[in-house]
Amino acid sequence: MPSPSRRTVLATGSALGGTLLAGGLPAQARAADHADTSDPWRTVLDDADLVWQRMPKTWYEGPYLGNGFLGSGIYAEPGTETGSFSAVRFNVQHSQVQDHRPEFGSLFGLARLPIGWFTLEPVGAITGLDWRLGLRDAELTGTLTTDQGTLTLRALVHSSRSVLAVEVTPSEGERDFRWVFHPADAISPRADFKPLPDGYQGNPPAEVATHDGVSAAVQPLLSGGQHVTAWRERTRGSTRSLYVHVAHSYPKSTALGRALATVRGASALPYDLLAGTHRAWWHAYYRKCFLSLPDARIQRFYWIQLYKAASAARRDAPVMATSGPWLESTPWPNTWWNLNVQLEYWLIHGSNHLELDAVTWALSEFRGNLSKEVSDRYRADSLGIPRTTDPQLVNGAAGTLTGYGVGIPGQDPPTPEVGNLTWALHNVWLSYRHTMDESILRDVLFPLLRKAVNYYLHFLEPGTDGKLHLPATFSPEYGGNSRDCNYDLMLLTWGCRTLLESAQRLGLDDELAPRWREVLAKRVAYPTDANGFMIGADIPFAKSHRHYSHLLAVYPLYELTGRTPDERALIEKSLAHWVGFEGALQGYTFTGAASMSALLGKGEDALKYLGQLMTRFIQPNTMYKESGPVIETPLSAAQSLHDMVCQSWGGVVRVFPALPAEWADLTVHDFRTQGAFLLSAVRKGGATRWVRLVSEAGAPCVVRHGIGGAIDVRDGRGRQLRYETVGEGTIQVTLRRGESALITAKGDRPDLTVTPVRPNADAPRWGLPA
């Protein structure tokens, strides 16, 4: 990629928004290695690099590499004495590697399976290290020092080849270092936390052999199929490079041939040649958006989440399991649909990274399995998704006595959630709204949402009050079933409204439209009491609870937004009551509270909640844990930051709606909003200086710009545009596809250069600095 000049003019109306870009180096980045002051992306990315000058001992402390499929977490080999380390572990895991025994359920029989790890074993005892995870290149570099010498290393998981490559240059005393592969037991990680199901046994041991210079560990599966880890070490001059690939096949045993061929092809390339295409992918990835704010710690955290998201997700990769492509000891070795998936993917919309949208792809690709998750009496016209599935959206309950994985409303004893598919389809709706790609609406969202809502319609019943009621259903993890459960009522309401709007957009006269209108007109009010929203009509919110499932109509559905004083008071009361119970609160409690505060325009409260998240829950490498690794919380914190910077619900783009006073300066560029607009804006000295919107779809453009007093609105050529004032600080302007609008104070001609902002204070880097 050619280096940009110090002042680069991007094409007007292009995907990059037509603004000027130039350097401006924040103070915290001045010491960054090889800082390039002509490139704002390089400035913020180099500043956000994670560093290690102390040995990471766990996955929550160490570097991590990945490409949505292959993942590697790097830390000290466990079992060494405190203060003394003999080896470094490079985990090897893969998001497609799973068991295929549905009779044991999704968490044992369909679980993701651990693969193994390599140990880098120096000649001497490790005495120190100096590592940097360079976000811009998605590459780990640095040195490992021993009492016999040094090992200089570079490592990456290739963006497209799915190869782990580690180049090591040893000093003379470390020439005889070695790599050793350790196959893991191919058994569900849940076995460390829960009793094994009757009849369940682990898969047989892996078989290790050499095939014409390439080593391979072949893991046979009792269900048929196999997964294979293949590797080869090549010596070139003074360096030795390890190349690793993982392949999985089911039901046939064809993975070995693919794994060997991939390693042979990759190992023919020197590390630098392999890294070239990898780095180019990542450089282009980051340039799709830009955000800089004066809190150095949070700015770095944000860019690390963008790195993490692209390391863990691709459109055609499996929907992220609870730990992404990195599998560690966990009671949750599969994909979780009652909150985790939804939160994992929210940040892709505003950050302009729809190429990571595996949710839309998977729900479309494997929709045939969704009908099997509801009872056979409803399969003709209904779909559902249970709490957990494998990558193909299979739960395994089809082989049980019940024969389905989604609960039946009103059934006794209590059963799992009913609304998970509807909530997942809200993510698909967000992808549609942020792109206005009608094929998403027509081919995925509408047909799947129609059948997800149909499932509810089977159970709605009129009460003596003339309202439509739901029989007892389950609110995620609170415990107990309740009639008129808010989790389901809120999702049903959103689903019916979205179906009506979608049918109108698609020009469809759907025979169910009258029923959807009836639901909206007659469904019972959301149950509330003196403390705000209840779990449901039978269950008050009366104990500490990490989920905000009873508040979905507030966030993320934005059905209740505080439009009236009473509605605002209800939201504030419910939020305070929810977070007021300590004991069971977890990380995503605080990301949800931050986003709800941002909805209310309370930037100080939103920052306070993010601060609690950072100090109480986020680990040194920005990962997160409860009983095991769970990846959704840090990623959803990036969305909370988005909600402070820009909101676009209800057809209005709101610029800087909830910034704390200490964020007086802020720069955002090519932030993607609903309506398929790319937003760029700059705030200086506590005032918004300019706002620019580029329309990709010609959708109606209403923007709450926040610029005080009279304004000018100009097109990409500097000509005045006509606009209509539709509220305080809010205008509507007509933009056709590819056109742009620049909003400034009247008579003002601000510098349209997009630069990083200066930090308010120094902050430590993420990782384990000295």
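**Exercise 1. Charges over rings**

Which residue lies over the face of Tyr-526, and at what distance from the ring centre? Then find what sits over the ring of Phe-177.

*Solution.* Keep in mind as you go that this is a predicted model. Start at Tyr-526: Arg-523 lies over its face, 3.9 Å from the ring centre. Now move to Phe-177, where the charged end of Arg-240 is placed over the ring at 3.8 Å from the centre.

**Exercise 2. Confidence**

**Exercise 3. An aromatic pair**

Classify the ring pair formed by Tyr-555 and Tyr-558, and decide whether each residue is buried or exposed.

*Solution.* A search of the whole structure gives 40 aromatic pairs. For Tyr-555 and Tyr-558, first take the ring centres, which are 5.6 Å apart. Next take the planes: they stand at 90°, so the pair is edge-to-face, the cut-off being over 60 degrees. Last, check accessibility against the limit of under 20% for buried. Tyr-555, at 3%, counts as buried, and Tyr-558, at 15%, does too.

**Exercise 4. The nonpolar cores**

Describe the largest nonpolar core and the surroundings of Trp-516.

*Solution.* The largest core holds 220 residues, and Trp-303, Leu-363 and Trp-516 have the most contacts inside it. Helix H10 (residues 438-457) supplies the largest share, twelve residues. Leaving out residues up to four places away in sequence, Trp-516 touches several residues, among them Phe-446, Arg-450, Val-453 and Leu-457. There is also a second, separate core of ten residues, including Val-228 and Ala-259.

**Exercise 5. Checking a helix**

**Exercise 6. A proline in a loop**

Where is Pro-750, and which residues does Pro-750 contact, leaving aside neighbours within four places in sequence?

*Solution.* Pro-750 belongs to the loop between strand S35 (740-745) and strand S36 (753-754). At 10% relative accessibility, Pro-750 counts as buried. Its contacts, with those neighbours set aside, are Arg-689, Trp-690 and Thr-744. Gln-674, 76 residues from Pro-750 in sequence, is 26 Å away in space, C-alpha to C-alpha.

Technical notes: Residues are numbered from 1 along each chain as its sequence is written. This is a predicted model: local features need pLDDT of at least 70, side-chain atom pairs count only at pLDDT 80 or more; totals for chains, interfaces and linings use all residues. Side-chain values use heavy atoms; hydrogens and water are left out. Rings of Phe, Tyr and Trp (its six-membered ring) pair if their centres lie within 6.5 Å; planes under 30 degrees apart count as stacked, over 60 as edge-to-face and the rest as tilted. Buried means under 20% relative accessible area, exposed over 50%, partly exposed in between (1.4 Å probe, protein chains only). A charge sits over a ring if NZ of Lys or CZ of Arg is within 6 Å of the ring centre and within 35 degrees of the ring normal. A nonpolar core is a set of buried Ala, Val, Leu, Ile, Met, Phe, Trp, Tyr and Cys residues joined through side-chain atoms within 4.5 Å. Helices (H or I, at least four residues) and strands (E, at least two) are DSSP runs, numbered from the N terminus. Contact means heavy atoms within 4.5 Å.
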